[in-house]
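Try each one before reading its solution.

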Amino acid sequence: MKLIGKADFSNFVDDLIENDTREVIGVQAKSNKFAFDPLGSSEDLRLDYDVTILPPKKYFMPQRETLVKYNTHEGEMKPVNEVIPRIIIGVHPYDIIAIQQMDKVFEETHSDENYLEKRRQSVLVGVNMKNASDWSFADTMGTSTTESGYDLMLTDIGEEYAVEIGSVRGSELLNQAKTKLNDVGMEEIDKVKQFKEELPEKFRSDPKFDPYELPKLLYEYYGKDEFWEENAEDCLSCGTCNLVCPTCYCFDVKDVNDITLTKGERLRTWDGCMLEAFAEVAGDENFREEKAARYRHRYMRKGRYMYNKFGDIACVGCGRCSEQCLPDIADPVEVFNQMKEGSDEI
Amino acid sequence: MKSNDSLFLPEQVRIIGQRELTSDTKLFDLSFENGQQLNHEPGQFVELSIAGVGEAPISVTSSPTRGVPSFELCVRSVGNVTSAFHNMKVGETVGIRGPFGKGFPVEELKERDLLFIAGGLGIAPLRSLINYVLDNRDYYNEVNILYGCRKPCEQMFEDEVSNWARRQDIYHESTVDYCPDEACWEGNVGVITELIPGVDIDLDNTYAVVCGPPVMYKFVLQELEKKELPHDQIYLSLERRMKCGVGKCGHCQINGAKEELYACQDGPVFNYELIKGFEEAI
């Protein structure tokens with residue numbers, strides 16, 4: 001662990017913006033919320049944010065991404081992988097853990113270079129959570145801190161940031177800016193320890209479940225149709241919970257022609273399992289026609305299926321879905337608590 | 001996977017033959033531009049890719065034992081990609097990704113009595129296995145083929161069907177749900193499940209391989225249940241709208257209480273014992 005003064009850190013960030021060939025991304029205020037966006041100055045960086053509107057997955061799996069360019073006139077198809085190397089500053093631990101989960105998805109069996117190359121070309125500068133959103137339950141999910149997945153991890157200990165170096169790349173980043181680093185003493189180590197000890201107070205106190213009970217609870221509740229119908233009753237099938245989720249990655253693939261109608265691009269766009277047509281096939285057959293079935297599917301994905309496949313609970317407790325759901329029915333804590341309370345087994 | 005880095009870049013294949021099977025269904029014979037082979041297993045599918053229109057998952061209808069290096073797709077015109085494909089002519093090229101998924105268990109089926117049940121377009125994937133079995137006839141025991149369509153003009157592969165009827169080593173029945181007065185039809189009239197009681201089923205040795213629309217599965221499975229055919233001796237091929245073919249896009253997930261299946265990776269061919277607990281499966 002090293003120490004960097006806050007003014008030195010600002011200089012470090014400004015130096016990166018000015019001299020590094022990579023795009024520098026940082027968390028910034030966006031009206032009364034926060035968002036990851038390209039940084040113009042260290043002054044815009046808000047490392048005290050609570051949560052961003054969208055998770056940083058948009059940099060590895062953009063909302064719209066070209067996979068193939070074609071020219072039907074010449075019968076030509078070319079693979080496309082538009083990679084912008086980036087330094088992403090201010091990623092919270094739960095988002096880092098979500099990114100690690102997504103890495104497994106895109107590496108598994110058929111490795112998806114469009115995602116993976118963007119990951120390889122990105123440097124993640126994490127920050128421990130100074131503030132948490134009212135909806136966050138990251139401590140319950142065990143995602144309020146992380147020991148891996150970052151290149152650098154900052155902790156705000158007052159006048160300085162304590163910097164944990166997570167990779168050679170992270171260390172190189174500090175060196176290239178000739179940043180003044182100090183060694184930590186016992187006092188600073190205690191401050192970091194204290195910061196982490198105080199973390200739980202920042203989160204919601206209402207979760208009554210343990211994340212590792214979720215696979216079992218979901219198995220028990222799978223067939224309880226009434227439970228899902230009641231919880232999904234007000235669902236608008238808008239897919240917002242999918243869009244803002246750091247571990248949702250389902251996508252659609254479609255062709256978009258330019259005005260010549262002979263050239264165009266095959267795009268990957270975000271899709272969501274809560275949207276009505278998600279499981280539709282030719283001939284109007286829809287294998288997940290009921291909103292309750294779609295609602296259940298999302299929970300099964302987060303709490304059981306991904307766990308079965310990769311050993312991860314795919315809800316990191318960021319609270320984005322809870323906050324942004326218009327009819328206010330997407331809060332996982334609410335659903336998981338109900339399960340826990342009604343369970344006959346646990 | 002093929003040699004290119006992108007999961008999404010199709011290989012170019014040329015349409016070398018095309019024929020109309022019914023008013024809305026055509027059979028395409030396709031051959032790789034660079035002479036390579038598809039190397040598919042019966043029951044696998046490819047992503048058919050038409051630049052400017054999109055992609056659609058289509059099962060390969062030809063058996064790998066026939067016509068190599070070319071392969072056949074049987075395509076009904078129901079959406080953007082399939083209707084654009086129907087408008088293409090011999091000599092034109094399209095893209096193919098794949099083959100993907102798990103096909104029929106040709107090894108497990110060896111030495112067994114086989115009962116093929118195809119409904120409508122379900123004959124397309126099943127034909128890859130039927131012809132595979134007929135080309136390796138000595139390895140398989142009894143062969144029963146039941147094939148049902150809505151009406152006589154929807155029956156496909158007539159030459160092959162009449163060959164099944166002629167052969168002594170195949171038991172075959174065709175049926176139509178209804179037969180208009182003006183149609184010429186010598187087969188049965190009635191739903192396909194009515195043909196199942198007539199089949200000699202050996203509970204220790206018969207394997208049923210079923211392919212058709214979701215509603216057909218329901219009734220065929222009920223009928224096989226009456227015959228007490230063990231569930232692990234039934235295979236089904238399921239349809240989903242796979243967008244990627246490689247287990248990423250999420251569209252073909254089939255959820256169940258214990259786990260979820262990806263039709264593109266775990267299927268499209270499934271053992272009924274495995275999927276019967278999955279309410280979304282059929």
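**Exercise 1.** How many residues of chain B are in contact with chain A, and how many of chain A with chain B?

*Solution.* Keep in mind that this is a predicted model. Start with the count: 35 residues of chain B touch 40 residues of chain A. Next, look for the elements on the chain B side: β4 (54–59) and β6 (93–100) of chain B each give two or more residues to it.

**Exercise 2.** Describe how the domains of chain A meet.

*Solution.* First take the bounds: the domain assignment gives domain 1 (2–72 + 83–202) and domain 2 (211–342) of chain A. Their C-alpha centres are 26 Å apart. Now count the contacts, and you find 32 residues of domain 1 of chain A against 28 residues of domain 2 of chain A. On the domain 1 side, the elements giving two or more residues are β4 (64–71), α2 (93–107) and α4 (138–141) of chain A. By class, this side of domain 1 holds 16 nonpolar, 10 polar and six charged residues.

**Exercise 3.** Which residues of helix α7 (residues 214–221) of chain A are buried, and what do they pack against?

*Solution.* Begin with burial: A:Leu214, A:Leu217, A:Leu218 and A:Tyr221 are the buried residues of α7(A). These residues lie on the same side of α7(A), because they cover an arc of only 95 degrees around the axis. Then follow the buried residues of α7(A) to their partners, which are α8 (225–232), α10 (291–310) and α12 (332–342) of chain A.

How values were computed:
Residues numbered from 1 in each chain as written. Chains lettered and ligands numbered in written order. Predicted model: local features only at pLDDT ≥ 70, side-chain atom pairs only at ≥ 80, totals over all residues. Contact = placed C-beta atoms within 7 Å. Helix = DSSP H or I, 4+ residues; strand = E, 2+ residues; numbered from the N terminus. Domains from an automatic or database assignment. Nonpolar A, V, L, I, M, F, W, Y, C, P; charged D, E, K, R; others polar. Buried ≥ 20, exposed ≤ 12 C-beta atoms within 10 Å, placed from the backbone. Arc of directions from axis to C-beta.
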